[in-house]
Number of protein chains: 4
Amino acid sequence: MDDLTARVRAIAEERDWQQFHTPKNLAMALAGEVGELVAEFQWLTPEQAGVVMDDAEAGARVRTEIGDVMIYLTRLADVLGIDLREAALAKLAEVAVRYPAEEVKGSASKR
Amino acid sequence: MDDLTARVRAIAEERDWQQFHTPKNLAMALAGEVGELVAEFQWLTPEQAGVVMDDAEAGARVRTEIGDVMIYLTRLADVLGIDLREAALAKLAEVAVRYPAEEVKGSASKR
Amino acid sequence: MDDLTARVRAIAEERDWQQFHTPKNLAMALAGEVGELVAEFQWLTPEQAGVVMDDAEAGARVRTEIGDVMIYLTRLADVLGIDLREAALAKLAEVAVRYPAEEVKGSASKR
Amino acid sequence: MDDLTARVRAIAEERDWQQFHTPKNLAMALAGEVGELVAEFQWLTPEQAGVVMDDAEAGARVRTEIGDVMIYLTRLADVLGIDLREAALAKLAEVAVRYPAEEVKGSASKR
């Protein structure tokens, strides 16, 4: 187990939050946090969004929301017994096969 | 930079996908993948959701969706210049202070 | 055009918000509001969620979030030239054919 | 009760889907459908997204996703005993007061 998973688990267990941390509830919490992250970008132009980290206040909010999303994703994966890094690498291996670089270069048609 | 970030970046660059990987677009892609993950749990009872990984097919889908979410979260953080692990640890430190274990034990009132 | 669509449009036009109300931005705003709505339910047990409207404070928050989601959905449909009610009825007609009542009765396997 | 609410309710009751249509589950289904809707726009440029309805295939998918979102929003409101139109109008009245047209004209700073 990596140290972030361990830290998130410790925070939860010390507070008896395991009872709330069911897969359904954590999936909902993840959706809620992603909603907050998306909201940071919703009214920005693409240009403004590209330099959002240069703004001290907006940048700090984005970093916090990214942290929140990562915390709930880590916790959900832990509760389900999934290794987050391995799950991502396994999917990347699939992507690499399904979208050969030379064939899809510069195209977004990923369906 | 950790190896997952490097791997996601390489997959994107080899395919000239940088043009699509703006913060707004990646935040949207993240919301889309979280929607798919949430959908895996929507009609399950809490009991069924608790053992979803025991079902070979549903478990494989959940693992894939978790991988997808992690990929886009990793890519968004990379594009924004945010260290995912540090952002999560920074937020956890705040949580630990804001919700002292002895005070909030067993309570979900986190607002 | 129904009166809600007209009212949402008027609010936006009086404030020169048309420039922000692009399909991408409105889809993001919708995701953000749905995230807030989901967050209202995330730590509730199914039983607590079933009586959430009996709680004056939580009920008022849920009503407000439902209103927010409806406003952005109405605005997005308007900007895209889609009749919300007709789009829903068209999809319901498909559902009725794809899931004949006598065949799927009591089953959630909707995929 | 408006006719769309009645139609959605009939579809659900004829299939014994009331057991699945709890507030938590419907909020999750709504998040899942909004995720699919957002995904339709994620890789489009703002310009492409602005004319998405001119594309027969993409336009049809967007209309279907909008219909799906409206169906689950209607069903969730029905299960909670909330009048969707009234909830939206009540929120609009608040918005009109909080953001006086002459003060916020052309500004997106809605926080």
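Predicted model: local features only at pLDDT ≥ 70, side-chain atom pairs only at ≥ 80, totals over all residues.
Me: Through what surface do the copies, chains A and B, meet?
Reply: Look at the interface residues of chain B: 100% of them are also interface residues in chain A. The copies therefore meet through the same surface.

Me: Which helix gives the largest share of the side of chain C that touches chain B?
Reply: Here 6 residues of chain C are in contact with 6 residues of chain B. On the chain C side, 5 are nonpolar, none is polar and 1 is charged. The largest share, 3 residues, comes from helix 2 (residues 23-41) of chain C.

Me: How are helix 5 of chain C and helix 4 of chain D placed to each other?
Reply: The axes of helix 5 (residues 84-98) of chain C and helix 4 (residues 56-80) of chain D come within 8 Å. They cross at roughly 90 degrees, and angles of 65 to 115 degrees count as roughly perpendicular. Helix 5 of chain C and helix 4 of chain D are therefore roughly perpendicular.

Me: How many residues of the contact of these two helices are nonpolar?
Reply: Helix 5 of chain C brings residues including Leu84(C) and Lys91(C), while helix 4 of chain D brings, among them, Arg63(D) and Ile71(D). The contact also holds 3 polar and 3 charged residues. The nonpolar residues number 8.

Methods: Residues numbered from 1 in each chain as written. Chains lettered and ligands numbered in written order. Contact = placed C-beta atoms within 7 Å. Helix = DSSP H or I, 4+ residues; strand = E, 2+ residues; numbered from the N terminus. Nonpolar A, V, L, I, M, F, W, Y, C, P; charged D, E, K, R; others polar. Axes fitted to C-alpha atoms, helices over the stretch in contact; angles between N-to-C directions. Parallel < 35°, antiparallel > 145°, perpendicular 65-115°, else oblique.
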